[in-house]
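Subject: Structure handover

Hello,

Here is the structure for you to take over. My notes on it follow below.

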Amino acid sequence: MAPQTQSQRLPPPSQPSGKGEVGELKMQLRQLAGSRAPGVEDLKRELYKKVISYMTVGIDVSSLFSEMVMCSATSDIVLKKMCYLYVGNYARVHPDLALLTINFLLKDCQDDDPMIRGLALRSLCSLSVKNLVEYLVGPLRAGLQDSNSYVRTVAAIGVLKLYHISPTTCTESDFPVALKALLLHDPDAQVVANCLSSLQEILTLEGNSSEEASKEKELLLSKPVIYALLNRIREFSEWAQCLILDLVVKYIPSESSEIFDIMNLLEDRLQHANSAVVLATINLFLHLTISMADVHQQVYERIKAPLLTLVSSGSPEQSYAVLSHLHLLVTRAPILFSSDYKHFYCRYSDPSYVKKLKLEMLTAVANESNTYDIVTELSEYAANVDVAIARESVRAVGQIALQQYDVNAIVDRLLQFLEMEKDYITAETLVLVKDLLRKYPQWSHDCIAVVGNVSSSNVPEPKAKAALVWMLGEYSQDMLDAPYVLESLIDSWDEEDSAEVRLHLLTAVTKCFFKRPPETQKALGAALAAGLADAHQDVHDRALFYYRLLQHDVSIAERVINPPKQAVSVFADTQNSEVKDRIFDEFNSLSVIYREKIWALWLLQQDLLPMPSQVKESKQLTMICY
């Protein structure tokens, strides 16, 4: 028997096969609407579950709206929750149907059960229908004065929802004033937190157009409000603690004694189990002491232990977030973390993005006292099966060498990498050796002796091949085979896809000609001819420039192309200090993880800037919200 086609297969039992099944549900709900027989509540639950499951998979069951509302006349809180979920979903899409729910929601807002009152008020405020705003004011005012803390908690957020529907109604009803009163006097911490969250957003949005709202926002940062919140901070949830700490960052103490009072009060928050609370506290301490150099340094010492503890415990995503903040601190005060370098050794179980960040940390904390241990550890990572980590470890060794720490031992390590006979290790090492020779020309004899044994055919990567070609031209007087290696590369000019390599090849063979003209004259002619015929504009222009320069005067050409060079003292940093300072101002935000300023992140979101590598890599993370 032939198998059924896709169109002939029966639908799964969780989905209705057509309008008939929705109609059957409608009929069953209508039958149960006024019934009080035993077991009716259980039948309603099963039907409600079916309706919710259909709605969840995208099937339109809005035709059941009136029946669902009729069946909501029950004291069963589970049925109430499912009904509110259904109503909230379809009220946005069908505002006309939302009118059917007003009466039973208003009635439930006066129920004896505080859970039902809270749920009904939340559903009423979530309808987001502008025509129904007049029905929200009374229940919200009653909710803010309710004896139960859960209802007040819901009402505090409901005020914000009302503001988004109708800002005028919200402000004219004096709800911001009521929220402020609850903020200062309500005994429940969650109510206070919700009032603070709603007030901050309302006053921020109002402040753009109202001077009075701007003044009210400033009053939130007054000493009585700040101290009232800080004195109760242990009562709040972790989310609320972060909210309060972010508010206190904006507070400007009138005298230094206030700074010490706040820091003493929040000292135990540094030992909190939640990384968000710890980072928010650290952010506050750093900003409070930014103008007090001695105290600021002591803060660095104090926050070191909590951060290192968070790195070694928790999920990889948390470790990455904390390490990103640590990396920013290390770049500002590397000596404070130099003795703790072993905390940044990679563990076998670490994901690659955490390992990469740890390698950057090891590079940043390296100094005279720990360089040997760090470079030894990094050399082990060069044999890692993860090619990306092996590459990063070689780069890290080179970066430490460029920082002028124990160069002798590090150069030996780098040259040993060339003996590993792995293409990607050889490629990274050649690039780093080129940079080292630009900074430490005195090491040319040792380096060239080893680099001369590297075959260009074993270097497929363009950047590495360009580095090798540069060394062949720059030190051709010390490399016996340099003219002949360059000649072989010129012979395969048409097979070389990289314009960068071809540009370096033109320069290298010209430099070699100045030092060893008899052996290089033929190769130079072939290179210039190939360059002039090259389709790449830059290659063609450089070949033409060299040809005319040599034709005019060889001695002048040598002074232009191969002048005496000074050692490079400093390589351009990928991120200048101004950007780092700006990111430091945005501590405890995604700016630190992406290493981009807030406005740059907005441009990235709008696809107005190219995405940097840190952002691309961070996309794979489950980010922690602070």
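I begin with a cysteine in one of the helices. Cysteine 447 sits in helix H26, which covers residues 444–451. Its relative accessibility is 2%, so cysteine 447 counts as buried; the cut-off for that class is under 20%. Apart from neighbours within four places in sequence, the contacts of cysteine 447 are Val411, Leu415, Val433 and Leu437. Leucine 414 is 33 residues away from cysteine 447 in sequence, and the two C-alpha atoms are 9.3 Å apart.

Please keep in mind that this is a predicted model.

Overall content

The chain has 36 helices and 0 strands. Of its 626 residues, 50% are buried. Among contacts with a separation of 6 or more, 64% are between residues 24 or more positions apart. The chain exposes about 31,100 Å², and 52% of that area comes from carbon and sulfur atoms.

Two helices in contact

Helix H14 (residues 223–231) packs against helix H15 (residues 238–249) at an angle of about 145 degrees, and the axes are 11 Å apart. The crossing of H14 and H15 is left-handed. On the H14 side the residues are Ile226, Leu229 and Leu230, and they meet Ile244, Leu247 and Val248 in H15. Sorted by class, this contact between H14 and H15 has 6 nonpolar residues, no polar ones and no charged ones.

Aromatic pairs

The structure holds 7 aromatic pairs. One of them is formed by tyrosine 84 and phenylalanine 104, with 6.2 Å from centre to centre and 10 degrees between the planes, and this pair is stacked. Stacked applies here because planes under 30 degrees apart fall in that class. Tyrosine 84 belongs to helix H4 (residues 77–93) and phenylalanine 104 to helix H6 (residues 102–108), so the pair ties together parts that are 20 residues apart in sequence. Both tyrosine 84 and phenylalanine 104 are buried.

Valine 322 is in helix H19, residues 316–332. Its relative accessible area is 1%, so valine 322 is buried. Not counting residues up to four places away in sequence, valine 322 touches Ser275, Leu307, Leu310 and Val311.

Tyrosine 381 is in helix H22, residues 371–381. It has a relative accessibility of 8% and therefore counts as buried. With residues up to four places away in sequence left out, tyrosine 381 touches Tyr345, Cys346, Leu359, Leu362, Ala390 and Ser393. Valine 394 is 13 residues from tyrosine 381 in sequence, and the C-alpha to C-alpha distance is 8.3 Å.

A partly exposed serine

Serine 66 is located in helix H3, residues 65–70. With a relative accessible area of 32%, serine 66 is partly exposed. Threonine 101 lies 35 residues from serine 66 along the chain, and their C-alpha atoms are separated by 8.6 Å.

Positive phi in two loops

Glutamate 421 is not a glycine, yet its phi is positive, at about 55 degrees. This residue is in the loop between helix H24 (407–417) and helix H25 (423–439). Is glutamate 421 buried or exposed? At 71% relative accessibility, glutamate 421 is classed as exposed.

Asparagine 588 also has a positive phi without being a glycine, in this case about 65 degrees. The loop that holds asparagine 588 runs between helix H33 (577–585) and helix H34 (590–594). Asparagine 588 has a relative accessibility of 10%, so asparagine 588 counts as buried. In short, glutamate 421 is exposed, whereas asparagine 588 is buried.

Regards

Key:
Residues numbered from 1 in each chain as written. Predicted model: local features only at pLDDT ≥ 70, side-chain atom pairs only at ≥ 80, totals over all residues. Heavy atoms only, no water. Helix = DSSP H or I, 4+ residues; strand = E, 2+ residues; numbered from the N terminus. Buried < 20%, exposed > 50% of the residue type's maximum accessible area, 1.4 Å probe, protein only. Contact = heavy atoms within 4.5 Å. Areas by Shrake-Rupley, 256 points an atom, 1.4 Å probe, with all protein chains shown as cover. Axes fitted to C-alpha atoms, helices over the stretch in contact; angles between N-to-C directions. Left-handed = near helix turned anticlockwise from the far one by under 90°. Nonpolar A, V, L, I, M, F, W, Y, C, P; charged D, E, K, R; others polar. Phe/Tyr/Trp six-rings, centres within 6.5 Å; stacked < 30°, edge-to-face > 60°.
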